[in-house]
Amino acid sequence: MGGGSRAWLGLGLLAGLALCPLVVPMYWVFILTEVLIMGLLAMSFNLLFGGAGLLSFGQASLFGVGAYGAALVLLHGPPSLGLAFAAGVGGAALVSLVIGYLCVRRDEIFFAMLTLGFGMMLFTVAHNWREVTGGSDGLSGFALPTLPVLGLSLFDPRVMYWFTLAVVAAGVGVLWRVHRSSFGLVLRASRENRERLAFVGASVARYRLAAFVVSGTLSGAAGVLFCLFNQMATPDVMHWAYSARPVLMAVLGGSTVFLGPAFGAAAFFALEQAVTSVTDSWMIVLGAVLIPVVLYFPEGILGTLVRWVSRPGRGDRE
Amino acid sequence: MNSRPLLDVRGLSHRFGRFRVLTDVSVRVMPGRLTALIGPNGAGKTTFYNCVSGRYVPTGGKVVFDGRDITGLPAHRVARLGLLRSFQITNIFPGLTVLENVLVPLTLRAGRGMRFWRAHHRDPALVERAEEILERLGLADQVGRRASELPYGDKRRIEIALVMALDPKLVLLDEPTAGMTPEETDRMIGLIRELAARSGITFFLTEHDMKVVFSVADHIYVLHQGRVLAQGSPDEIRGDPRVREAYLGGSLDP
C-alpha cells in the first residue's frame with residue numbers, strides 16, 4: 001500500500017467514525033466512545049510492545065494517573081478542560097519518566113515484572129490514600145467542563161464521542177509519526193537486536209525510556225478521557241488485572257500492524273457485547289477466541305488480514 | 001605512515017571468577033596494517049574482543065584507542081569513537097529490511113536517532129549513503145527485502161555494511177568467514193582486502209581458518225592459553241616452532 005492510499009484510508013476511517021453517532025443508537029455511542037479510549041490505551045501500549053519489544057504490565061496504572069489527575073483538578077480546581085488534561089497528561093508523563101527510568105534497563109520477563117510491581121504500588125496508593133483519592137470509592141461528583149470556544153457540554157454523549165474521537169485521532173497521529181520517524185526505526189532496531197544496536201553506537205536504555213514516556217503520556221491522555229466519560233476515577237482501572245486489557249487487545253488485533261491494537265479493542269468490545277447478552281461468563285468466550293488467535297494467527301486478526309491482502313516478504317508492515 | 005598505534009592494548013587481563021582467561025596480553029595495531037589474532041579454540045580470542053570493544057570490563061590492564069584510554073567504556077561509547085566490531089555469529093536486525101538495517105547506524109551517526117517527527121525514509125542524504133554502501137557490498141538488488149530472508153553469506157555482508165555505515169577507524173572482525181562455504185569465504189576475503197586497501201579503515205581480525213589469515217594479514221599475534229605466544233609477519237609465524245607446537249603441528253600449513 002502506498003503512502004497516498006494509506007492517507008486516504010485513514011481519512012475515510014476517521015470520517016466514518018465521525019458519522020457514527022448520527023446513525024447508530026445512543027447505547028452504541030457509549031460503547032464506541034469506550035472503544036476509542038481503550039483503542040488509544042492499547043495503541044500507546046503497543047509502542048512499547050510491538051515497537052520496542054517490551055511487555056509493559058503496568059500500563060493501566062499510567063492510564064489511572066491520567067484519570068486521577070483530571071478528576072483531582074475537576075473536583076478541587078476550576079472546571080477547565082485544559083487544566084484537567086494538563087494535570088492528567090503531565091502527571092502520567094512524569095510518573096512514566098520515573099518508572100521508565102527504573103525499568104528500561106531490564107528485558108523481557110524482568111521488565112514485565114518491574115512494570116507490574118510499579119503498577120501494583122500505584123494501585124495501592126490510589127486505593128489506600130483515602131484523603132486524596134477517595135479510597136475504593138474513587139473520585140466523583142464533579143461537574144463536566146464545557147468545550148472551550150464551541151461551548152458544548154461533554155454531558156451530551158455525542159459531544160463526548162466527537163471530543164474523544166478528536167483526542168484519540170490526534171494521539172494516534174502522534175504515534176504514527178513516531179512509528180515512522182528515525183526514532184521509530186531505531187526503536188524497532190532495539191526490538192530486533194538490542195545488543196547489536198549498542199554496538200553501532202546507541203544507548204538502548206535512552207531510546208526505550210523515550211518510548212516509555214511517549215507511551216505513558218498517551219496512556220495518560222486516554223485516562224483523562226476515561227475520567228470525563230465516566231465522570232469519575234476509580235482505583236479498579238489501576239489494578240494490574242486491568243493492565244491485561246491492552247495486552248489482550250494488542251494480541252487480538254495484532255501487534256505487528258499499526259492499527260492492530262485499536263482493531264483488537266473494537267473486537268474485544270464487540271465480543272463482550274455479543275456474549276454478555278447470552279451469558280455472564282464472557283471471559284470464557286474471550287479465552288476461547290484468544291487461544292486459537294495466539295496459536296494459529298500470531299499476527300492477530302488485523303495482522304493476518306493485512307498479510308493476506310498485501311504482498312509477502314516486506315519488512316515491517318504498517 | 002603514522003607511527004602511533006591505532007589500538008594499543010597494554011597488559012590486558014581478564015578473569016571469570018577464579019578462572020583466568022587472559023593474562024597480560026599486549027597487542028598493538030598500527031593504522032592501515034591488517035593485523036590478525038589467531039589461536040586455538042579457547043585461547044581467549046573472543047574474550048579479548050569483548051574486553052576491547054566494551055562488552056566486558058577487563059579485570060586488569062589498559063586499552064588505548066587512537067590515543068585515548070577507553071578501558072571499561074560501554075560499547076556504545078566505544079563505537080562512537082570509531083572502534084567497531086563484527087560478530088562471529090550473524091548479528092543484524094533480522095526483522096528490518098536490508099536498507100533499514102544500514103539506515104539504523106547512519107541515523108545514529110548523524111545524531112538523528114531522537115527525531116520523533118520526520119519519516120526516516122524521507123532523509124535523502126542518509127538513504128543515498130545507505131544505497132551506496134549496499135552497492136559497494138553487492139547488496140544493491142536486495143535493499144527492500146527483509147534481512148532474515150537472505151542467504152547466510154549476504155547476512156554476513158549486511159553485518160559488514162552495518163560497520164561500514166559508521167565510518168569506523170578500526171574494525172574488529174571476529175571470524176568473518178566462520179560457517180561460510182568456500183565460495184562465500186573467497187568473496188569475503190576479496191571484500192576485506194579491497195576495503196583494507198581503499199576505504200582507509202584498519203582491520204583487526206580473529207580467525208580460525210589459517211588460509212584466510214595467511215592470505216590477508218600483514219601482522220599476526222598468536223594467543224595461547226590466554227597469553228601472547230608469538231607475534232610477527234605471516235612468514236615468521238609460520239616458521240615459529242612454539243606456534244607449531246601449540247597447534248600440534250600440521251594445521252598451520254595452508
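What volume does the largest cavity have? About 30 Å³. Welcome to this predicted model, where local features need pLDDT of at least 70, side-chain atom pairs count only at pLDDT 80 or more, and totals for chains, interfaces and linings use all residues. Residues are numbered from 1 along each chain as its sequence is written, chains are lettered from A and ligands numbered from 1 in the order written, and side-chain values use heavy atoms, leaving out hydrogens and water.

**View 1. The cavity and its lining.** A search of the whole structure finds 1 cavity of 30 Å³ or more. Here a cavity is a set of points on a 1 Å grid over the protein atoms alone where a 1.4 Å probe fits but cannot get out, and lining residues have an atom within 4 Å of a point. The lining includes A:S56, A:Q59, A:F118 and A:F212. Two or more lining residues come from each of α3 (59–76) and α5 (108–128) of chain A, these helices being DSSP runs (H or I, at least four residues).

**View 2. Helix α3 of chain A.** This helix has 18 residues and reaches 26 Å from its first C-alpha to its last. Of its 18 residues, 15 are buried, so α3(A) is largely enclosed by the rest of the structure; buried means under 20% relative accessible area with a 1.4 Å probe, protein chains only.

**View 3. The largest nonpolar core.** A nonpolar core joins buried Ala, Val, Leu, Ile, Met, Phe, Trp, Tyr and Cys residues through side-chain atoms within 4.5 Å. This one has 148 residues, and A:M38, A:F63 and B:I220 are among those touching the most other members. Helix α10 (residues 204–230) of chain A gives the largest share, 17 residues.

Notes:
On a 1 Å grid over the protein atoms alone, a cavity is a set of points where a 1.4 Å probe fits but cannot get out, and a pocket is an open set with protein on both sides within 12 Å along at least five of seven lines; lining residues have an atom within 4 Å of a point. Grid points are joined across faces, edges and corners, and a volume is the space filled by probe spheres set on the points. Buried means under 20% relative accessible area, exposed over 50%, partly exposed in between (1.4 Å probe, protein chains only). The expected span of a helix is 1.5 Å times one less than its number of residues.
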